[in-house]
Amino acid sequence: MNRILIAGAGFAGMHAALSAARLRDKQGVSPDTLEIVVVAPEPRLVIRPRLYERSPETMVAPLGKLFEALDIRYEQGRVDVIDSASKSAVIVGPDGVRRSLPYDRLVLAAGSQGFKPDIPGLDKHGFTVDQLDDAIALDRHLAALANRPSSAARDTVVVAGGGFTGIEVATEMPSRLRALLGPKANVRVLIVDRNDAIAPAMGPNPRPLIEKALREAGVETRLGVGVAALNENGVTLSDKQFIESATVVWAGGFRANPLTAQIPAERDRSGRLIVDRNLRVAAVPAVFAAGDTAYATTDDLGHHALMSCQHANRLGASAGFNAAADLLGVPLEPYQQKNYVTCLDLGPSDAVFTRGWDAMIEITGDKAKAMKREINRQWIYPPPPNRADAYKAAEWARLVDY
């Protein structure tokens, strides 16, 4: 028996499993001959792109029945050690018991973690929407603000980071706070970023629209300064200004899961494994990387996949297909993702949809907001737990450009 071990059940891990299972079925190979194993703490997909919204505890989707329908074995736990020389992984179960699981091919799809620099007070006093538990903690903190007397600190939220996540957190905050604190609360939301422009990665095309949406939402920006320190009363900026705030949300970027450091191969500055066009780690041929653990070329123009749900879906589907193809003697298919789109949420009734690496605006306003809702509430969710729908989703993720 051959075994594909998939580390992670996020967007990349889920699609890797679906795509591998589809190819296995298409080749008429039984699960007893090619076993597909997914290792994750829970059999569920966290809808991470929605964690800036209210009620984050609802932003999960079960995967157990889907895996059962496709004869995908689920192992509860987390991958703690990868021994690529012996092709085995040590898994720590929820009870703390460690066990070793050999593999023939490994798809590393363990995702990423929010990057927190060594800023005094950040760990103790800062919030994030990086992981589900983090978002739940922020949501509960915001709800508890209603029990405090009105003050500048209570009514002020500082978002550290003016990228995609920071903008979506910030533009959601005014309506969330007023719903909790009352319409007369003196709500203040402020984005702080060391860059000289908001949304630097999106480039200049959508920036005037984003800046207008921030103004209309009542979100202030402080650019060219960073966060120097936090305490229970607020945040000190790099220019020595102190802002009273009981809620500082860190949105300062991501780093690949530390498991990538256990693979003896080259990595980029974010810790992602550098892979070939088949998503294989060249120095360790039994290992494929997908999602936020992979630094992958998307096209012949030299663009690289981003740490995003959009790229994770395709990377996962391609890595799962190629890992299975490698064991089944089927030609591998190079990963490519020529089209790149974004749909940035800009508050309760606004969004912007762009296409291309130069972020050309296609849709704005309520129409873009409707598209954002459809993406967040339908497109990125798992398919129904049956083979027909699951395999259709696997092919769509692997082949269809946006």
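Student: Which residue in E8 stands opposite serine 88?
Tutor: Proline 102 stands opposite serine 88. Before we go on: this is a predicted model, where local features need pLDDT of at least 70, side-chain atom pairs count only at pLDDT 80 or more, and totals for chains, interfaces and linings use all residues. Residues are numbered from 1 along each chain as its sequence is written, and side-chain values use heavy atoms, with hydrogens and water left out.

Student: How many bridges pair E7 and E8?
Tutor: Strand E7 (residues 88–92) and strand E8 (residues 98–102) pair in the antiparallel sense over 5 bridges. Strands (E, at least two residues) and helices (H or I, at least four) are DSSP runs, numbered from the N terminus, and two strands pair if DSSP finds at least two bridges between them.

Student: And what's in the turn?
Tutor: The E7–E8 hairpin has 5 residues between its strands, and glycine 96 in the turn has a positive phi of about 85 degrees.

Student: Switching topic: what's the strand order in the open sheet?
Tutor: The order is E5-E2-E1-E9-E21, 5 strands with parallel pairing. Strand E5 (73–76) and strand E21 (287–289) are the edges, each pairing on one side only.

Student: How many bridges between E1 and E2?
Tutor: There are 6 bridges joining E1 (residues 2–7) to E2 (residues 34–40). Alanine 7 is opposite valine 39 in E2.

Student: Which helix lies across E1, E2 and E9?
Tutor: That's H1 (residues 11–26), running at about 170 degrees to E2. Axes are lines fitted to C-alpha atoms, for helices over the stretch in contact (heavy atoms within 4.5 Å), and angles run from 0 to 180 degrees between N-to-C directions.

Student: At what angle do H1 and H10 cross?
Tutor: H1 and H10 (residues 387–399) cross at roughly 110 degrees, and their axes come within 9 Å. That makes H1 roughly perpendicular to H10 (65 to 115 degrees counts as that).

Student: Which residues meet there?
Tutor: On H1, they include His15, Leu18 and Arg22, and on H10, Tyr391, Glu395 and Arg398 are among them.

Student: Last topic: how many salt bridges?
Tutor: The count comes to 27, taking a side-chain nitrogen of Lys or Arg within 4 Å of a carboxyl oxygen of Asp or Glu. One of them pairs aspartate 80 with arginine 98 at 3.0 Å, N to O.

Student: Where do those two sit?
Tutor: Aspartate 80 lies in strand E6 (residues 78–83) and arginine 98 in strand E8, so the pair ties together parts that are 18 residues apart in sequence.

Technical notes: Parallel < 35°, antiparallel > 145°, perpendicular 65-115°, else oblique.
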